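Colleague: I would like to go through the terms used for this model one by one. Please set each value against its cut-off before you conclude anything.

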Amino acid sequence: MSTVTAITPDAINAARPPLLQRASANRWRRPRQGVAVAAAGLAVVLPAITGRYVVTLAATAIILALLAMSTQLLAVAALPSFGQTAFLAVGAYTAAHLADAGLTDGLLQLSGATLAAALAGAAVAPVVLRTRGTTFLMVTIMIQGLAAAVALHWTSVTGGDEGVDTPPVTLWPGHPLTEAAYQYWYALAVLAACGAGIGWLMRSRLVLVLRGHAGHEPRMAALGHHPTIGLGLGYTAAAAIAGAGGALLIVVNQHAGPADLGFGTAAAGFAAAALGTCLTGTPTMTGALTAAIAIIALRDATGSNGTGPLYLGLLCLTVPYLRPTVLRLHRHWARRSEPTA
Amino acid sequence: MNTLLHLDEICCRYGAVTALHPLTLHIAAGERRAIIGPNGAGKSTVLNAIAGTAPLATGRVVFDQQPIAGLTPASRANRGIGRTFQHPGVVDTLTVADNVALAVHLPATPPSGGRRRARDTRRAQVTTALNNVGLEAHATKPTEQLSYGQRRLLEIAMVLAAEPRLLLLDEPSAGLDPHEIRNLAQLIRALPDDIAVIVVDHHLPLVFALADTITVLAAGRHIATGTPHNIRTNPQVNDVYLIPTPQQRPTSHAVDLDVLASPSWPSNPELRTSSEPAPQPPVVLQVERLRAGYHGAPVLHDIDLTVTSGAIHTILGRNGAGKSTLINTIAATHPALPGTQIRLDGIDLPPGNPTRTARHGVALVPQGRHLFASLTIREHLALAARHARRHGRPPGDVRWTTDDALDLLPALRDKLGRYPAQLSGGEQQMAALARALLTSPRLLLLDEPTEGLATAVVDQLTHAITRIADQSVAILLAEQNQHLALAVADQVSVLDHGRIAFTTTARTLHEPATRTRLNDLLGVTTTGSPS
């Protein structure tokens, strides 16, 4: 998984004296690598060491992680989006209709869902990108609300309140994925592939342009970067990532309905992105992934007696207050690593 | 020569205010044009109208035979119009090299060799651009770690990396030290002959050294256009801009860059004779072992200094020496490292708490002014006055009122209902100063208050600063404008590489040894030319 921060660690290290730089890098690289390898290993063997319920929750966490990463990609461009669930819905209903049409191949559904969400994102982008900051957030909340209303009332396409049931997804050469463990592993593989893609994207010029727009939009325009084009490409890419999450929703639930795509899901995805930013100090994909897992654990595992939404609400209230604390901790660590002379 | 840019009777208005009355200009390919005039003349508005960030009320802009008035700023940039902003337009959250990389547009058809070749080409162009402005050693630094002057150089590197055909430079010398200004002049002179340059600047030696033609504006109207010689001798131009009044002369840098290297820096007795501090005035600010840095990189090392009541202590130093960091650390808007002691009137100031520091009587006029865009000047002053009422100083301290501030800075009196964007740079600076005064400070911190200001405004500020000190306010002043700094200073400290290289008093500034050392540390040569 790629970790992209507004200021790359390499850049910060380059400003330090070489000895300190090496010591600082060595100090954190090995523990980070160790944690990443252990987490990946645990994710792979999870079905072997836990029951079906936890595995299903883990698969749900993967879907939320993709939604959070979609939101985080826009956060890199300083665009706080609450409406990525709309593209999750586009992906989910696209995959559901493909399955209804007999196209149950998982990769085909994934491609179709991703493409449909990207097209929807490209269509919406020119409208929403006329706004920035809080206004952008409000507009995306409206988009999420509109998407939920469409899902509820456009019954001929969405099945209305009941949603759309789908047959199990198959993988070539045609075996249906009915076991929770196999569904989970498929979702994990898709997450890994998306993670690799996002990692490449985060090092690409597109994300550099997004970060430039976030930092100084008049300067970017004065350099010839059209805001609508650069940010529109980012918005489209973010929609595609959410659409991939929608395809996985069909794999795990074999159902697409308004209940999975409503305000609660949008709030969880937004909170995961925001909490991820709080955890790492800047918008990072690893932070979003970690926060998505934490939210599912809190909402669905710890709060399985119905108190999950309460815990999620408390977490959402806590997030804005966490950020200054995390930034203070980052400054504290930075001071600790300074030379004493 | 072919006309590259034609401004045809362009007029710009901000609400009911006409910032630029109908103006017609022809800029030839390769021409070096300067636009000068007092603050509020409409110089930046002309650049904004060309770059597309200021809407035209009337008129046409024709670039390369094509009307461009309907194009977005990005489209104009892609046609070859590059610009810098009045305050450096760089992306703080990216590295220096990434900022320049954003400016490098590769051709639509990639060179043979594919993506790797394209990447190498871009990297080479970034390196060249940074080399041109002397920032190659900072390539991997986060931009927020650069000093103000370095950020300005970075912006110039970005604009040049985009290979413009018309380069618009808005106050390029503001915030640069003399050495950097000379390098900037060399850089602009070395540009290819087919690149036209329009430069707006108050540094007249730089303007006269660079420009083939100079256009003078005042109050949004065209005054004159001609060669540097014609402009120097134009009586109307002299009236509105060039010739300072006798009161203004001590700090004027309008005549020649020689003044920067002049062996006779005045300590301006006229300004300070009536306000000589008492024999042993009380110490207001005492700084001991101050250390500060950014992301683990120390910038300031063991700074010791004191400022007494009614005294002006000036901090000089090249860009990147740590002047702004020192000011911000004392104001607690930048964290100090452990071991630092900052006392105000003998009381330890709480580290890292700008609110409490302000309540103790420390007021900051930051570089770039930092006015609130959505508040009128009246509201700015009311906010500051309310702060002073709620957190009043001990009896006996001077309490500044709005009338006091407006008496000191009369240019603000009829601008109280305006928003910062509707004010000239000089008026904005006065508003920032008035806002600070209305908190009735014991210590006033001024960070580059004259940056980008016309000579007349610099002189108004000079007199204002000395009058403030006369009211027993201690002043710590960080400045690039050595004339202002040395004219008003009771004490001068020179920062070099994050340490105070030496501290001296106004009386010893005339000594040859002191001047030589100042010249060396500040990069002032005696050649007198920006080349």
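**Values and cut-offs**

Modeller: B:R151 has a relative accessibility of 16% and counts as buried. Buried means under 20% relative accessible area, exposed over 50%, and partly exposed in between, with a 1.4 Å probe and protein chains only. This is a predicted model, in which local features need pLDDT of at least 70 and side-chain atom pairs count only at pLDDT 80 or more, while totals for chains, interfaces and linings use all residues. Residues are numbered from 1 along each chain as its sequence is written, chains are lettered from A and ligands numbered from 1 in the order in which they are written, and side-chain values use heavy atoms, with hydrogens and water left out.

Colleague: What makes the contact of B:D92 and B:R151 a salt bridge?

Modeller: A salt bridge is a side-chain nitrogen of Lys or Arg within 4 Å of a carboxyl oxygen of Asp or Glu. For B:D92 and B:R151 the N to O distance is 2.6 Å, so the pair meets the definition. The pair links distant parts of the chain: B:D92 is in the loop between β6 (81–83) and α3 (96–103) of chain B, and B:R151 is in helix α5 of chain B, 59 residues apart. Helices (H or I, at least four residues) and strands (E, at least two) are DSSP runs, numbered from the N terminus. B:D92, at a relative accessible area of 28%, is partly exposed.

Colleague: What is the N to O distance between B:K415 and B:E427?

Modeller: The distance is 2.8 Å, and the two side chains meet in a salt bridge. B:K415 lies in the loop between α14 (402–408) and α15 (425–437) of chain B and B:E427 in helix α15, so the pair ties together parts that are 12 residues apart in sequence. B:K415 has a relative accessible area of 12% and is therefore buried. B:E427, at 16%, also counts as buried.

Colleague: Which other salt bridge has its closest N and O atoms given?

Modeller: B:R33 forms one with B:E31, the closest N and O atoms being 2.7 Å apart. Both B:R33 and B:E31 are buried. Besides such pairs, B:E288, B:R289, B:R343 and B:D348 are linked in a network of salt bridges. A search of the whole structure finds 15 salt bridges over all chains.

Colleague: How do you know whether the span of helix α6 of chain A is close to the expected one?

Modeller: The expected span is 1.5 Å times one less than the number of residues. Helix α6 (residues 133–153) of chain A has 21 residues and reaches 30 Å from its first C-alpha to its last, close to the expected 30 Å. In this helix, A:F136, A:T140, A:I143, A:Q144 and A:A151 are buried.

Colleague: What makes the group around A:L42 a nonpolar patch?

Modeller: Patches are made of residues with over 30% relative accessible area and no salt bridge; like charges are joined within 9 Å, and nonpolar side chains (Val, Leu, Ile, Met, Phe, Trp, Tyr) within 5 Å. A:L42 has 48%, which is partly exposed. A:L42, A:V44, A:V45, A:I49, A:Y182 and A:W185 form the patch, with about 580 Å² of accessible area together; such areas come from the Shrake-Rupley method with a 1.4 Å probe, and for residues only the protein chains shown count as cover. α2(A) gives the most to this patch, with 4 residues.

Colleague: What is noted about phi of A:A78?

Modeller: Phi of A:A78 is near 60°, a positive value in a residue other than glycine. A:A78 lies in the loop between α3 and α4 of chain A. At 42% relative accessibility, A:A78 counts as partly exposed. A:Q254 has a positive phi of about 50° although it is not a glycine, and A:Q254 is partly exposed at 22%.
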